[in-house]
Amino acid sequence: MSRGPAGAGGRPRRLFLLMVLCQTLGEVELRTVAVINITHPSPESNRTSTEAVHGVYGGTSPKIRAAGYIRAPSAEDALACDPSVQFRGVHPVWIALVERGNCTFAQKIENAAERGATAVVIYNKNGTGNGTDPFRHDGTGKTVAVMIGNIKGREILTL
């Protein structure tokens with residue numbers, strides 16, 4: 001269950017996407033890895049903390065930097081499959097954090113972009129740990145799309 005766009009104490013979290021190229025071992029394809037810097041206030045130390053999380057850009061995603069505050073879909077459509085999905089939060093520059101499942105990647109990305117997301121981070125489904133899969137989302141235009149592991153996606157929601 002997500003806690004919305006703000007972490008403990010209602011403080012907003014911010015995601016930054018950076019691009020790094022690497023070739024996976026044993027495969028011919030070239031994958032584009034996204035390094036996501038998560039910056040958030042630490043309630044224990046009253047200081048800002050930053051953590052790097054690795055993800056994979058979608059096959060048809062622009063491989064560019066995106067930044068914004070995290071906004072998760074409302075509980076009514078937590079997987080962002082309904083075209084009328086609402087995202088919690090009020091920040092004008094934001095990145096959607098959406099769980100994989102129930103509809104195509106393109107539908108999730110299009111729905112978030114229609115609501116104003118500058119990028120979409122899809123976290124993998126339950127039971128996949130921090131694994132990621134290559135994914136395509138044809139027709140989503142210039143919206144940056146990245147996949148991260150399930151464990152990290154759920155951690156981000158609780159910050």
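Some housekeeping. The model is predicted, so I take local features only at pLDDT of at least 70 and side-chain atom pairs only at pLDDT 80 or more, while totals for chains, interfaces and linings use all residues. Residues are numbered from 1 along each chain as its sequence is written, and side-chain values use heavy atoms, with hydrogens and water left out.

I begin with strand β7, residues 144-148. Helices (H or I, at least four residues) and strands (E, at least two) are DSSP runs here, numbered from the N terminus. Five of the five residues of β7 are buried, so the strand is largely enclosed by the rest of the structure. Buried means under 20% relative accessible area, exposed means over 50%, and partly exposed is in between, with a 1.4 Å probe and protein chains only. In a regular strand the side chains alternate between the two faces of the sheet. In β7, Val144, Val146 and Ile148 point one way and Ala145 and Met147 the other, and all are buried.

Which strands are joined to β7 by bridges? Strand β3, residues 47-57, runs antiparallel to β7 and is joined to it by two bridges. Strand β6, residues 119-123, runs parallel to β7, with five bridges. The cut-off for pairing is at least two DSSP bridges between the strands. As for individual partners, Tyr57 is bridged to Val146 of β7, and Tyr123 to Ile148 of β7.

Now the cores. A nonpolar core is a set of buried Ala, Val, Leu, Ile, Met, Phe, Trp, Tyr and Cys residues joined through side-chain atoms within 4.5 Å. In soluble globular proteins, nonpolar side chains tend to be buried together. The largest core in this model has 18 residues, and those touching the most other members are Ile36, Leu97, Val121, Val144, Val146, Ile148 and Ile156. At least two residues of this core come from each of β2 (30-42), β3, β4, β5, β6, β7 and α2 (150-158). There is also a second, separate core of 15 residues, which includes Val85, Ala96, Phe105 and Ala145.

Take Leu97 as an example. Contact means heavy atoms within 4.5 Å. Leaving aside neighbours within four places in sequence, the contacts of Leu97 include Val121, Tyr123, Ile148, Ile156 and Leu157.

On to helix α1, residues 105-114. Its buried residues include Phe105, Ala106, Lys108, Ile109, Asn111 and Ala112. What covers the buried residues of α1 includes β5, β6 and β7. After α1 comes Gly116, with a positive phi near 110°.

Next, the disulfide. A pair of cysteine sulfur atoms within 2.5 Å counts as one, and the structure holds one. Cys81 and Cys103 form it, with their sulfur atoms 2.2 Å apart. The angle about the S-S bond is -85°, a left-handed link. The pair links distant parts of the chain, 22 residues apart: Cys81 is in the loop between β4 (66-71) and β5 (94-99), and Cys103 is in the loop between β5 and α1. Cys81 is buried, at 18% relative accessible area.

Most residues other than glycine have a negative phi. Ala80, in the loop between β4 and β5, has a positive phi near 60°. Asn102, in the loop between β5 and α1, has a positive phi of about 70°. Are these residues buried or exposed? Ala80 is buried, with a relative accessible area of 0%, whereas Asn102 is exposed, at 73%.

Last, two polar residues in loops. Ser74 is in the loop between β4 and β5 and counts as buried, at 11% relative accessibility. A polar contact of 3.1 Å joins the side chains of Ser74 and Glu76. That term means a pair of N or O atoms within 3.5 Å; within protein, one must be able to donate a hydrogen and the other to accept it, and residues adjacent in sequence count only if both atoms are side-chain atoms. Not counting residues up to four places away in sequence, Ser74 touches Gln86, Phe87 and Arg88.

Thr143 is in the loop between β6 and β7 and is buried, with a relative accessible area of 11%. Thr143 and Thr60 are 83 residues apart in sequence and 9.4 Å apart C-alpha to C-alpha. Beyond four places in sequence, the contacts of Thr143 include Ser61, Pro62, Ile109 and Ala113.
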